Each structure stands twice: as C-alpha cells, then as structure tokens.
Amino acid sequence: MAEQPSTFVITELGTLRVATIDGDVDMASADHFKRALKKALGTADVVIDLSACGFLDSAGLRSLVSAAREATRQGHGLAPATGPRASDDDADSKHKFLLYC
C-alpha cells in the first residue's frame, strides 16, 4: 500500500502564521517541509502545528532547526506545537507546546 504524501498548509491568523504538517516528515519530504517553513516565515511569527505529524526523522528535525535559525535571523518567533493524540492515555490532556528560544 502506497504511503500518503505529507501536506504542508500555511494559514494566516492576523499577524501570525500557522504551518500545519499532515503526515510524516522524513528524508523524502524534508526538502518540501523546509521550503514550506521558509515560505511561512516571510514576515510573520510562525507556529508549527505538529499534531497530525506521525513521524519526524533527523532530516525533518534539521529542517526545524534551520527554520528556527532563519526566524531568529529575521527577528521572528517560531514555535512548534503539538496537541494530544487519540492514543494519549489522559483524555483530559492539554495541548503541549515546545518552544525554540
């Protein structure tokens, strides 16, 4: 069975952009992921929604680190965020945030 390709969608929320990742980010999709993040950074702070990302390998992590450096260089914020998954044991769990500082 063929694996579904990852999708990267940028949504504008006022002065904030949300980059939503749906699917895995691995060696095959990391370059596309990096370009999407670079586009999202443009002139705004970015939140990266990882709640639908099932897998992030070292190439994907490298793209996140590169985007964090670019955001800092541009004077913008970058905040990857993930929410609870259906498999979480705690049904009352709140969104979890991981921030690059």
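Which residues form a nonpolar patch on the surface? Leu56, Leu61 and Val65 do, with about 210 Å² of accessible area together. The structure is a predicted model, in which local features need pLDDT of at least 70, side-chain atom pairs count only at pLDDT 80 or more, and totals for chains, interfaces and linings use all residues. Residues are numbered from 1 along each chain as its sequence is written, and side-chain values use heavy atoms, with hydrogens and water left out.

**Surface patch**
- A patch is made of residues with over 30% relative accessible area and no salt bridge; like charges are joined within 9 Å and nonpolar side chains (Val, Leu, Ile, Met, Phe, Trp, Tyr) within 5 Å.
- Accessible areas come from the Shrake-Rupley method with a 1.4 Å probe, and for residues only the protein chains shown count as cover.
- Leucine 61, a member of the patch, is found in helix H2 (residues 58-74).
- With a relative accessible area of 43%, leucine 61 is partly exposed (buried means under 20%, exposed over 50%, partly exposed in between; 1.4 Å probe, protein chains only).

**Helix H1**
- Helices (H or I, at least four residues) and strands (E, at least two) are DSSP runs, numbered from the N terminus.
- Helix H1 spans residues 30-41, and its buried residues are Ala30, Phe33, Ala36, Leu37, Ala40 and Leu41.
- Those buried residues fall within an arc of 135 degrees seen down the axis of H1, so they line one face of the helix; the arc is that of the directions from the helix axis to the C-beta atoms.
- Asp31, Arg35, Lys38 and Lys39 are exposed on the other side of H1.
- Glycine 42 follows H1 and has a positive phi, near 20 degrees.

**Nonpolar core**
- A nonpolar core is a set of buried Ala, Val, Leu, Ile, Met, Phe, Trp, Tyr and Cys residues joined through side-chain atoms within 4.5 Å.
- The largest such core has 18 residues, of which Ile21, Phe33, Leu37, Val46, Ile48 and Leu78 touch the most other members.
- Two or more residues of this core come from each of strand S2 (16-22), H1, strand S3 (45-52) and H2.
- H1 gives the largest share, five residues.

**Salt bridges**
- The structure holds two salt bridges, each a side-chain nitrogen of Lys or Arg within 4 Å of a carboxyl oxygen of Asp or Glu.
- One joins glutamate 12 and arginine 17 (2.7 Å, N to O); glutamate 12 is partly exposed at 49% relative accessible area, whereas arginine 17 counts as buried at 13%.
- Another joins arginine 73 and glutamate 70 (2.5 Å, N to O), which both lie in helix H2, three residues apart, about one turn of the helix.
- Arginine 73 counts as exposed, at 62% relative accessibility.

Terms used: Expected span 1.5 Å × (residues − 1).
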